[in-house]
Structures are given as C-alpha cells and as structure tokens.
Amino acid sequence: MLTTDYSEFTLRDVRLQSGQILPEIKLAYRLYGELNGRRDNLVVLPTYFTGRHDSNAPYFGAGRALDPARHCILVPCLIGNGESSSPSTHKGPRGGAAFPHVSVHDNVRLQHALIKAVCPVERIALVIGWSMGGMQTYEWVTQFPDLVEAALPFCATARCSPHNFVFLEGVKAALRADQAWQDGQYSAPPRNGLRAFGRAYAGWAYSGAFFDDGLYRDLGFPDLEALLSDWEEGHLSWDANDLLHKIRTWQLADVSANDTYKGDFAAALGAVTARMIIMPSSSDMYFSARQS
C-alpha cells in the first residue's frame, strides 16, 4: 500500500543516459534523523527492486549500527517504484509503457542532485543497499569516489550477470503472457500475469536448500503453496509497467556503462577509494558470492 509520508524533489529538463529528455522527474525520498554540526553523518540507503520508501526502515533503528539519533539517513526511491516518477504516475505521452528507460547511472545522478539540494555534505559517511539498492551503492562509489567515505553493498553486484539477465527474462515473459497485458497498454491490471510473475519469481528468491529443508516454515508458511500464493498476492499491488521498467534498469546495470569508464569494468572498480565491505550471499540464486 502506498503511503504519502515522504518528500519529493523535482528536477526539470533531465537528460537521461539514453539521450531522451524528460521535462520533469520527481524523486521521492525520506530523511530519518538530522545532519550533525560537522555534517559528516549522512547515510544514503537507496531502495531495492520492490521497495517503497518505508521498505528500508527495518535496516536501522534506535541503538542499532544505523541509528537516526546519530545518523542522518536518506532513503531515495528508485525511479519506477511508484513513488518516484514511474510509468504508472507519469502523465502525458511518455507515461505507461512509453516511459523512457532510466538507468542505475541516471538514478544515482538524480540522487546526487537531491543531496546537493536537501542535505549538502562534503563527504557521505556511508552508502549502503540491498539487491538493486546495492547496485546503486556500487554506482555511487565508482561515479563519486571522492564523495563516499564507506560503502556496504549486500547481496548485490556491480553489473547484472548473464545468469541474472536470463532469470529476469523469464519473469518478464510470465507477466507478458497475460492477454490483458496488451503490450503495456492495458486498461485494467493484468492480474494473471502479475500472479505468474510472483509465482515464477519465488523460485529464484531463495536457495534450493531453503525449499528442500522446509525453511519456508520459519517464515510462517505451512507449505509451499502458501508461500507461492503469498508471492502472487504481493505482486498484485504493483503496476506491471513499473515492474518491467525496473527490471530493465536492473538488467542493464553496469558501473562501467557510462561516459566516465566507457565500458572498462576493471577501471571502474579500480577507481573506488571508499572503505568497503561487500556482503554476498552464499545461497542466493543470482547475487551469489561468485558473481560479486
């Protein structure tokens, strides 16, 4: 469910990596805590694939490593998440399926502009993120190495792997197979496609051992069908074009795919000066330790 307890930062005449220009882009965000007198306590925590602005709240709290009483925590929302500018919210001929591709690189450039306007600092204490939030973290440390003091991408990669790309093609196909999809010009949500998307995705979200050992019961699901039904229902709250837009952002993620590094992946990683902890998952299906 969408809530409105967040702020919006509006940018005009934004030129995207694709060369397209959007007259207006709105970047949704929320700040937790305040900058201290030295302005050295800013933490940037971008949202993930199906994350809203409040989805990152479990990662911090009173008395924890990230604490709004000690840190100023900025949660910028990924373009396409339904709160920032998205296919579902953008008005005019570039809305819906015609909404232009916005890359991870574009997202981080917008976040950089947001910080300059809302909470300007000389150094960011920490950039941290999970999944697509972690992909944005990698983009931050390669594009702005002199700005980021430390970074912690967890369960994420600096570019989308071929295996990851193929998995995402599968869930896209499941959604688009719904006759109601209508090439993105649907008049009503393609509910069967959204359910298929969620059910197909569930098989990739956990490891084989998770299913074989029955660990889904630890999450409160009595059987596999209960878990799969939950994934189906969870995706009914999402706009189909928003999901597909973010998947394209994910599939084309690559810290070297920009004018700074011109495809030189080693050079992009070699430019990092931030202190980093990289936390892959030993059992993740697509953000594995090997791929990190």
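Let me start with helix α1, which has 15 residues and reaches 21 Å from its first C-alpha to its last, close to the 21 Å expected at 1.5 Å a residue, where the expected span is 1.5 Å times one less than the number of residues. When I say helix I mean a DSSP run of H or I with at least four residues, and a strand is a run of E with at least two, both numbered from the N terminus. Please keep in mind that this is a predicted model, in which local features need pLDDT of at least 70 and side-chain atom pairs count only at pLDDT 80 or more, while totals for chains, interfaces and linings use all residues. Residues are numbered from 1 along each chain as its sequence is written, and side-chain values use heavy atoms, with hydrogens and water left out.

Staying with α1, its buried residues include Val-104, His-105, Leu-110 and Ile-115, and by buried I mean under 20% relative accessible area, with exposed being over 50% and partly exposed in between, for a 1.4 Å probe and protein chains only. Those buried residues of α1 pack against β1 (7-15), β2 (21-32), β3 (42-44), β4, α2 and α7.

That brings me to α7, residues 240-251, whose 12 residues should span 16 Å at 1.5 Å a residue and whose end C-alpha atoms are 17 Å apart, which agrees.

Leaving aside residues up to four places away in sequence, Asn-164 touches Trp-250, Tyr-286 and Phe-287, where contact means heavy atoms within 4.5 Å.

On strand β4, residues 72-76, we find Val-75, and this residue is likewise buried, with a relative accessible area of 0%. Val-75 touches Ala-28, Tyr-29, Arg-30, Tyr-32, Leu-45, Thr-47, His-53 and Asn-56, again not counting residues up to four places away in sequence. Val-75 and Gly-129 are 54 residues apart in sequence, and their C-alpha atoms are 9.9 Å apart in space.

Now two loop residues. Most residues other than glycine have a negative phi. Cys-155, however, has a positive phi of about 55°; this residue is in the loop between β6 (150-154) and α3, and is buried, with a relative accessible area of 10%. Gln-182 also has a positive phi, near 55°, and lies in the loop between α3 and α4, but at 49% relative accessibility Gln-182 counts as partly exposed.

Finally, the whole chain, which has eight helices and seven strands. Its radius of gyration is 19 Å, close to the 19 Å that the globule rule gives for 292 residues, so the chain is as compact as a globular protein of that length; the radius is taken over C-alpha atoms, and the rule is 2.2 Å times the number of residues to the power 0.38. Of the 292 residues, 53% count as buried, and residues 24 or more positions apart account for 71% of the contacts with a separation of 6 or more.
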